[in-house]
Amino acid sequence: MERKDLWLLHFSAFFFFLGYILVAPLISPLAISFGASPFLVGTVASVSSIFALILKPVGGILGDKGKSFEAMMMGTVLGAVAGVFYLLSFLMQNLVIFAAGRAVHGIASAFFFPASLATAINLAPKGRVGETLGWRGTMFSLSQLIGPAVGGLVADYFGFNFAFFLTILLSLVGFLFVSTAYREVKAKIRFKESEEKKGSYRELVNLSFVGAAISLFFMSFAYSGAYTFLPAYYKILGLGTGIFGIYASIMGGFSFLTRVFGGREADKRGPIPVASAGLLLVTLAYVVLFLYLLPPEAYLSAVVLGMGFGLTVPSLQMLALATLPKNVRGVGSGIYTMFFDLGYLSGPLALGYLAEIKGYESVFLFLPVLTFLSLLNLLLLKVLRRKTL
């Protein structure tokens, strides 16, 4: 990807995601330090997804109205505001203020995520949508590689307050990249009616979009369980927050290695075969994690998990959004990513209730089941699409 406008867009995504993900391994340890029960830990972890789920169509509508970069800039500013709430919650030892920060970060995601995704597809060179999404996903994976380890280690050695200050700083850097990208491409993102196919929102009700969204839901349901309760499990065992940070960074690193490859293969072979291969790897990774919860053996599951995500994420995005008309792609991106938030909301709540009753270890038995359902859904979609041809 040689174009300057796309690279500015990719870097803006990197810094926004980095500020967002940096906090992820800190949520459950901080909540536990405030005396939260397992179910309350899951509830706090779900707050951001609740607000993102409700408001993502708004970010999508702004994108369809030609305001995608304004939506992204608003998202980065709100990310910095969320960091202020996190900092205040730690200084005042108040879980309610921390939950308010999670709500603000959810709103930030609602503005940034669908607008960023739709704009990346809109600006992608012809025949290279998967590759463009792969590079965008690489920025996300790089943030996963760096963010959790940095967040966990900074919290361990310098305190939660320093980690939350980094969230503020990174979000503001993301704003600078978005604003610079906007100056580069503002003429390009306003497509002319005479040049583009117009479509209605009814076009979102198609097999590819619905199937990709359902698979995303099951995958994110499992992902939220791992991201919420693995660090909590390590916390109650007396291990530092940096242990899960290393796990998440290994996962992010191997996802980083396969994202562009996954996107290019989706361009060549189609998104369903590539996403199916990725989900098979993700399912295998969760089986390994259930068998080996503690490091260093657990890190093997992080390797396989990262590779699976690298293949699956850009392929599902391409399957859902690439064929939509541009004037509905923003809302399409918003609704599609709502299924991620719906899964990320459901996981901590449902699995948190399970952990309350049977302990944290019981959660990890269900993760491979969820991702196998995601894989089965894609295989069913492939059969149904053949019947409609």
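In the predicted model, Leu365 is partly exposed, with a relative accessible area of 44%. This residue is located in the loop that connects helix 12 (326-358) to helix 13 (367-388).

Helix 10 (residues 271-291) contains Leu280, which counts as exposed at 53% relative accessibility. Between the C-alpha atoms of Leu280 and Ser249 there is a separation of 21 Å, the two residues being 31 positions apart along the chain.

Other parts of the model are covered. In helix 2 (residues 24-33), eight of the 10 residues are buried, among them Pro25, Ile27, Pro29 and Leu30. Just after helix 2, a positive phi of about 90° is found at Gly35. Another glycine, Gly137, is placed in helix 6 (residues 129-158) and is buried, its relative accessible area being 4%.

Packing between helices is illustrated by helix 4 (residues 68-92) and helix 7 (residues 160-185), whose axes come within 8 Å and cross at roughly 170°. Since angles over 145 degrees count as roughly antiparallel, helix 4 and helix 7 are therefore roughly antiparallel to each other. The contact of helix 4 with helix 7 comprises 18 nonpolar, eight polar and one charged residues.

Four salt bridges were counted in the model. One of them joins the side chains of Lys56 and Asp341, with an N to O distance of 2.7 Å. Lys56 lies in helix 3 (residues 38-64) and Asp341 in helix 12, so this pair ties together parts that are 285 residues apart in sequence. Both Lys56 and Asp341 are buried.

A salt bridge also links Arg269 to Glu265, the closest N and O atoms lying 2.4 Å apart. Because these residues are four positions apart in helix 9 (residues 241-269), about one helical turn separates Arg269 from Glu265. Arg269 is exposed, with a relative accessible area of 60%, whereas Glu265 counts as buried at 12%.

Glu131 and Arg128 form a further salt bridge, in which the closest N and O atoms are 3.1 Å apart. Glu131 counts as buried at 9% relative accessibility, while Arg128, at 24%, counts as partly exposed. Arg128 and Glu131 are linked with Arg264 in a network of salt bridges.

Technical notes: Residues numbered from 1 in each chain as written. Predicted model: local features only at pLDDT ≥ 70, side-chain atom pairs only at ≥ 80, totals over all residues. Heavy atoms only, no water. Axes fitted to C-alpha atoms, helices over the stretch in contact; angles between N-to-C directions. Helix = DSSP H or I, 4+ residues; strand = E, 2+ residues; numbered from the N terminus. Parallel < 35°, antiparallel > 145°, perpendicular 65-115°, else oblique. Nonpolar A, V, L, I, M, F, W, Y, C, P; charged D, E, K, R; others polar. Buried < 20%, exposed > 50% of the residue type's maximum accessible area, 1.4 Å probe, protein only.
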